Amino acid sequence: LVVLAITKRLREAAGRVGCSIPKVLDALAALALCVAAFVWLGMVLFAGSARFDTWGEAFASMWVLFTTANCPDVFVVALNQNRGAFLFFAVYLVSSLFLLNNVLLAAVYSAYRDQLRASVKAMHMNRREALGRAFALLAGPGGERIDAAAWAGFFVVYASCGRPDRSRARLERSRSFAVLRLFENDPSGG
């Protein structure tokens, strides 16, 4: 949490993830429904097994199997009792781990990408508006060009980080005219 509070980019990314959660809820609900259905089916098929006695134990077992954290311990007892249990666990792993987990990952990626695209578009629109306003301030009322004096005044303040120093002002003023000449001679029109 300390790193999240310090770095702006991480806060922005966390905000985008938070905003994308509603778009992921349907995939998450499908995964939860799949796990719940297999928990119920496991309790019916393996009644009396040490891993499927109660709803809590069955959910814990199926979650461990989904995360593959301690995978063999979940189905070894059932396989020792009945070799057909392999089919139950194979169908569960294929449907939850390999299919629905990938659907969930794709939904998270798609929602995050949409949020990122919207924030980049907003940033570009804000930048365009800020540049337009800055040009209007420097060009003056009705001006289509920035005159050399306004440009030099801006450049001196900008280059000295808002704290113009008289000794640096002359240097920055001469640099501003050099930069202005570069802009005027730019054949790309930019």
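A residue is called buried when its relative accessible area is under 20%, exposed when that value is over 50%, and partly exposed in between (1.4 Å probe, protein chains only). By this scale Cys19, at 46% relative accessibility, is partly exposed, whereas Cys34, at 11%, is buried. The structure is a predicted model, in which local features need pLDDT of at least 70 and side-chain atom pairs count only at pLDDT 80 or more, while totals for chains, interfaces and linings use all residues. Residues are numbered from 1 along each chain as its sequence is written, and side-chain values use heavy atoms, with hydrogens and water left out.

A disulfide is a covalent bond between the sulfur atoms of two cysteines. With the cut-off set at a pair of cysteine sulfur atoms within 2.5 Å, a search of the whole structure finds zero disulfides.

The overall fold comes next. Helices (H or I, at least four residues) and strands (E, at least two) are taken as DSSP runs and numbered from the N terminus. The protein has seven helices and zero strands, which gives the pattern α-α-α-α-α-α-α along the sequence. Of its 190 residues, 24% count as buried. Contacts (heavy atoms within 4.5 Å) also reach along the chain: among those between residues at least 6 apart in sequence, 54% join residues at least 24 apart. The accessible surface, from the Shrake-Rupley method with a 1.4 Å probe and, for residues, only the protein chains shown as cover, comes to about 13200 Å². Carbon and sulfur atoms account for 66% of that surface.

Rings of Phe, Tyr and Trp (its six-membered ring) pair if their centres lie within 6.5 Å; planes under 30 degrees apart are stacked, over 60 edge-to-face, and the rest tilted. In one of them, the ring centres of Trp55 and Phe59 are 6.2 Å apart and the planes stand at 35°, so the pair is tilted. Both residues belong to helix H3 (residues 55–67), where four residues, about one turn of the helix, separate them. Trp55 is partly exposed at 45%, and Phe59 is partly exposed at 36%. Elsewhere, Phe38, Phe46, Phe52, Phe75, Phe88, Phe89 and Tyr92 form one aromatic cluster.

Helix H2 (8–45) and H3 each supply at least two residues, and H2 gives the most, with four. Leu41 lies in helix H2 and is partly exposed at 31% relative accessibility.

Side chains of opposite charge can pair when their charged atoms come close. Counting a side-chain nitrogen of Lys or Arg within 4 Å of a carboxyl oxygen of Asp or Glu as a salt bridge, the search finds three. Lys8 and Glu12 meet at 4.0 Å (N to O), and their spacing of four residues in helix H2 is about one helical turn. Arg117 and Asp114 meet at 3.9 Å; these two are three residues apart in helix H5 (residues 85–139). Glu129 and Arg133 meet at 2.7 Å, four residues apart in helix H5. Within this pair, Glu129 is partly exposed at 41%, while Arg133 is exposed at 55%.
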